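Open the model in your viewer and keep the selection panel at hand. The tour below goes stop by stop, saying what to select and what is there.

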Amino acid sequence: MRTKDYIKDKIVEIALLLGFGLLAGFLLIVFQVTPTLIYLLGILYVLVLLSLFTYEYLRRTFFYRTFLNALEQLDKKYLAFELMSKPKFYDGKILYQALYEASKSMNEYVRLYEKNTIDFKEYIELWVHEIKIPLSTCILMMHNHPELKKLAPEIRRIEEDIDQVLYYARSNATEKDYLIKKTSLEDVVNTVIRKHKENILLRNIQIEIQNVDVEVFSDAKWLEFMLGQILSNSIKYSKEKDAKICLSTINHKDDTTLVIEDNGIGIKPSDLPRIFDKSFTGENGRIGASSTGMGLYLCKKLASKLGLKIEAQSKEGEYTKIYIHFPKEEFYQGTRD
Amino acid sequence: MAKIMIVEDDQTLREEVKSLLDHHGYETITLTNFIDSVEEILSSNPDLVLLDITLPTLSGEQILKEIRKKSDVFVIMLTSKNTEMDEVLSMSYGADDYISKPYHPTILLLHIESILKRREHHEDTLKYQDVIVNPLKSTLERKGQTLLLSKNELGIFVYLLKHVGTIVTRDDLMNYLWDTNVFIDDNTLTVNMNRLRKKLEEIGLENVIETRRGQGYILL
């Protein structure tokens with residue numbers, strides 16, 4: 001609230017009051033009142049006006065300044081009302097009441113949507129649990145009846161897609177439903193490779209694992225999902241001859257980095273910055289192998305929830321490297337303090 | 001023969017698990033009435049219980065708590081809930097292992113095998129003719145001679161030994177190796193198989209592994 005703007009806003013009142021003052025002065029002269037008294041009354045009148053406007057100005061400025069400053073520092077601006085102190089002047093009270101109503105109604109709406117989202121997520125979780133029962137049965141049936149074996153790749157696809165739905169729902173959830181603890185990276189890597197063994201063996205891809213025998217801080221299940229998405233890309237976009245996927249770690253001062261490197265078809269430089277965007281399929285997505293543009297998007301989203309950093313490097317036609325950075329223990333201790 | 005109790009409320013799944021375990025030489029009992037689950041489980045005195053979490057009346061977790069008050073029987077929790085939290089909780093209630101659905105048959109069998117092994121951990125050796133296999137040391141012993149095997153060679157030998165006298169396809173062998181975290185490709189399998197044969201010759205076992213063209217391998 002600037003003084004200049006305030007005066008501008010009050011210009012009509014000021015003009016009217018000054019007009020009336022001049023009129024009164026003129027009348028006093030007409031009735032031949034002593035000039036000294038006229039001057040005195042004049043000065044008095046101006047003083048009264050000044051103090052009146054200053055008082056009103058200060059009262060409002062104080063209220064609005066406090067409010068605007070608080071708003072500035074607020075991360076979630078829509079909570080502004082919560083920081084407003086009740087003003088003492090009338091029009092301020094009207095504003096306060098109106099904002100109170102608006103904010104209340106907005107909160108009700110937000111709560112409704114929040115509830116809907118949570119309900120939906122819970123339904124998805126329930127549905128996923130349900131669908132896994134017949135899926136387990138199918139997998140066992142394939143094993144018990146070898147003539148069903150050719151269903152394996154299709155069932156595997158269903159399994160992967162179901163996982164994606166589940167983690168999509170989880171990635172959007174507001175509440176925290178992961179558990180960060182010391183996790184053996186080797187166990188996670190082994191589990192993920194085992195899960196994808198059919199496709200790896202089918203395409204005759206060579207797997208190389210180097211010093212992954214380290215512990216990181218993460219949620220093992222989430223990490224399995226993320227690694228699964230990355231590995232599944234490496235398999236999908238592998239070349240036909242001498243395909244190889246290498247998983248290794250690099251030990252940095254502040255973090256442990258897991259590198260997933262393949263010698264597949266790589267990513268176009270123009271596509272590279274966008275591979276973690278939602279629904280982005282790029283050049284590779286159009287070459288055949290089905291692609292939804294969800295895998296890496298979910299990886300990035302889940303990674304940021306877990307406090308991990310994920311990056312990609314690639315040379316078209318030669319390789320793709322995905323890096324996952326796990327902060328070391330000190331980092332978590334630092335944030336806990 | 002180990003007795004395994006299957007506690008799973010989905011009938012089709014229960015029957016498939018039963019058929020899988022029967023086929024792999026386990027004695028199985030299934031629970032069909034979930035009203036007195038705990039008593040039924042304890043009275044049938046199994047060596048191991050496969051326990052689903054979502055069950056009618058009592059949940060798997062509650063059953064596990066009740067079982068643990070009276071018995072130390074091995075329990076593997078099978079569940080479609082797959083959060084880290086569920087796993088930690090189950091283990092804290094006293095489960096010996098935790099497998100999430102959809103589980104793959106070989107994984108399930110391997111978990112069962114490794115749990116049951118804990119019971120007889122002192123005699124953790126396999127035998128082939130007069131050869132003693134020691135998986136923990138990764139060695140074979142025959143007439144005082146000790147033969148050191150690599151992880152891959154041991155894996156191959158153990159699998160062939162489990163199916164001694166029957167033909168094992170390359171696919172089955174690869175699947176087993178991958179399930180035990182030996183991620184080798186086709187060529188490496190051939191190389192390792194040849195090395196294993198040469199090593200076996202060193203302790204006087206000649207031509208015990210035969211190649212059946214177009215079918216696979218057989219340990220005689």
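Start inside the protein: the largest cavity holds about 30 Å³ of space. A cavity here is a set of points, on a 1 Å grid over the protein atoms alone, where a 1.4 Å probe fits but cannot get out. Grid points are joined across faces, edges and corners, and the volume is the space filled by probe spheres set on the points. The count comes to one cavity of 30 Å³ or more.

Before going on, note that this is a predicted model, in which local features need pLDDT of at least 70, side-chain atom pairs count only at pLDDT 80 or more, and totals for chains, interfaces and linings use all residues. Residues are numbered from 1 along each chain as its sequence is written, chains are lettered from A and ligands numbered from 1 in the order in which they are written, and side-chain values use heavy atoms, with hydrogens and water left out.

Select A:V189, A:V192, A:I193, A:L227, A:L231 and A:L247, which line the largest cavity; lining residues have an atom within 4 Å of a point. The largest share, three residues, comes from α6(A). Helices (H or I, at least four residues) and strands (E, at least two) are DSSP runs, numbered from the N terminus. By class, the lining has six nonpolar, no polar and no charged residues. Ala, Val, Leu, Ile, Met, Phe, Trp, Tyr, Cys and Pro count as nonpolar, Asp, Glu, Lys and Arg as charged, and the others, Gly among them, as polar.

Stay in chain A and select A:D242, in the loop between α8 and β4 (244–251). A:D242 has a positive phi of about 50 degrees although it is not a glycine.

Next, show A:E125 and A:R170, a salt bridge whose closest N and O atoms are 3.0 Å apart. A:E125 lies in helix α4 (residues 90–144) of chain A and A:R170 in helix α5 (residues 152–172) of chain A, so the pair ties together parts that are 45 residues apart in sequence. A salt bridge is a side-chain nitrogen of Lys or Arg within 4 Å of a carboxyl oxygen of Asp or Glu. Over all chains there are 27 salt bridges.

Now show both chains. How many residues does each chain bring to the contact? Chain B gives 34 residues and chain A gives 32 residues, contact meaning heavy atoms within 4.5 Å. The area buried between them is about 3200 Å², with 61% from carbon and sulfur atoms. Select B:E84, B:W178 and B:F183: they supply 22% of the area that chain B buries against chain A, more than any other three residues. Buried area is the accessible area (1.4 Å probe) that two parts lose on being put together, summed over both.

Last, select B:P102, in the loop between β5 (97–100) and α5 of chain B. The peptide bond from B:K101 to B:P102 is cis, with omega near -5 degrees.

Methods
On a 1 Å grid over the protein atoms alone, a cavity is a set of points where a 1.4 Å probe fits but cannot get out, and a pocket is an open set with protein on both sides within 12 Å along at least five of seven lines; lining residues have an atom within 4 Å of a point.
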